[in-house]
Amino acid sequence: MAWIVIGSIVAMTLGYLVVSRLGSDPDGRTLSPRNAAPDGAMAAAEILRRQGVAITEPGTFEQALAVLEEKAAATLLLYDQNGYLGEEQLQELRATAHRVVVVSPGRRTLRGLDSGLRNAGVVPQGREVVEPECSLEDPRVAGNISAGSGRLYAGSSGICYRIGDGGLYAVSDDGRVVVLGGTALLSNDLLDERGNAALVLRSLGDSPELVWYLPGLGDVPQAGKPASLSELAPPWVAFLGPWLLVVAFFAVLWRGRRLGPLVFEPLPVVVKAAETAEGRARLYQDSRALERAATNLRAGTLVRLSRVFRLGPDAGVGAVVEAVSRKTGRPPAQVWDILDHRPDSQSGMVRWAQTLEQLEQEASAR
């Protein structure tokens with residue numbers, strides 16, 4: 001009974017999460033009118049709606065162009081954060097819209113809108129409040145604003161909120177293009193600071209129709225998109241590719257039948273010590289590792305000699321040399337020279353190994 005109750009609770013919880021996820025349509029894009037996050041613009045959109053401005057949110061460039069053609073007196077809010085739109089698309093939007101308010105545009109966007117404006121740098125750090133310092137009505141009524149982090153623009157007589165050679169607010173000479181230099185002006189986070197809201201609402205609320213357009217990746221012009229794999233492949237791949245797959249399939253069957261079934265061998269497999277030593281010696285020979293092979297051969301000889309004289313595992317080379325010298329009658333220097341020899345060729349390695357074997361036989365003789 002307890003498991004049934006627990007299973008029911010888990011099922012209800014999962015069902016609620018799925019329904020809530022499917023029922024909601026979160027929009028995390030910057031300056032989206034449906035984004036309630038600090039970088040969204042839901043607050044500005046809701047205020048504009050309450051003031052009687054009808055906001056349309058086209059999802060594609062074609063939809064935005066169709067809405068603008070239908071509503072000739074509409075204002076276009078454009079924020080192309082990643083520069084998806086091409087110059088021809090921007091020119092079409094400018095020619096169709098009654099007025100374009102573009103937020104933080106780059107050089108390509110300004111050139112496409114044919115506004116006569118140009119980039120003039122960015123707002124320096126530490127500059128928080130900016131005064132209008134111009135005669136345009138909207139900035140003059142809004143008063144000072146919070147600069148935040150934004151871009152500066154120049155190139156016309158309608159430059160406001162000046163910082164150096166540029167300003168945060170710029171209007172083209174014909175008045176059809178308005179540039180807002182920072183996304184922070186529209187954001188939910190800073191809309192209520194100083195004159196930000198007044199400037200934004202007066203700029204966007206000039207017309208009863210507002211087209212709020214945020215271009216996406218699907219709006220990139222076809223000429224600017226990278227070629228797909230099918231476009232890069234030669235024409236014969238479409239005909240020959242399936243045949244190659246069929247041939248590869250039959251080749252796998254052929255080789256699989258030829259190899260036969262797998263042979264099962266019980267584990268663990270016992271490998272003789274002599275086979276292991278021989279295999280390692282061949283590896284040393286193939287790689288010409290004379291120094292490594294000599295080190296292992298010398299170490300093995302010392303271990304065996306130490307065991308013969310019962311010197312213990314802690315015995316040094318000197319103790320082994322002295323014991324061998326006493327047993328064989330060889331001078332200690334001669335024994336040391338034999339053990340410390342450094343062969344410089346494979347034939348020299350064989351001769352030295354034979355000398356070591358002879359020395360071990362002499363030391364082990366009764």
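Biologist: By the sulfur distance rule, to how many disulfides does the count come?

Modeller: The count comes to 1 disulfide, a disulfide being a pair of cysteine sulfur atoms within 2.5 Å. This is a predicted model, in which local features need pLDDT of at least 70, side-chain atom pairs count only at pLDDT 80 or more, and totals for chains, interfaces and linings use all residues. Residues are numbered from 1 along each chain as its sequence is written, and side-chain values use heavy atoms, with hydrogens and water left out.

Biologist: What makes cysteine 134 and cysteine 160 a disulfide?

Modeller: Their S to S distance is 1.9 Å, against the cut-off of 2.5 Å. The torsion about the S-S bond of cysteine 134 and cysteine 160 is about 100 degrees, so the disulfide is right-handed. Cysteine 134 lies in the loop between β5 (129-130) and α6 (137-142), and cysteine 160 in strand β8 (residues 158-163), so the pair ties together parts that are 26 residues apart in sequence. Helices (H or I, at least four residues) and strands (E, at least two) are DSSP runs, numbered from the N terminus.

Biologist: Why is cysteine 134 called partly exposed?

Modeller: Buried means under 20% relative accessible area, exposed over 50%, and partly exposed in between (1.4 Å probe, protein chains only). Cysteine 134 has 22% relative accessibility and therefore counts as partly exposed. Cysteine 160, at 0%, counts as buried.

Biologist: Arginine 330 is in the loop between α12 (317-328) and α13 (332-339). Is arginine 330 buried or exposed, and how do you know?

Modeller: Its relative accessible area is 18%, so arginine 330 is buried. The side chain of arginine 330 also makes a polar contact with the side chain of glutamate 362, at 3.0 Å. A polar contact is a pair of N or O atoms within 3.5 Å; within protein, one must be able to donate a hydrogen and the other to accept it, and residues adjacent in sequence count only if both atoms are side-chain atoms.

Biologist: What kind of aromatic pair do phenylalanine 249 and phenylalanine 250 form, and why?

Modeller: A search of the whole structure finds 1 aromatic pair. The ring centres of phenylalanine 249 and phenylalanine 250 are 5.7 Å apart and the planes are at 70 degrees, so the pair is edge-to-face. Rings of Phe, Tyr and Trp (its six-membered ring) pair if their centres lie within 6.5 Å; planes under 30 degrees apart count as stacked, over 60 as edge-to-face and the rest as tilted. Phenylalanine 250 has a relative accessible area of 52%, so this residue is exposed.
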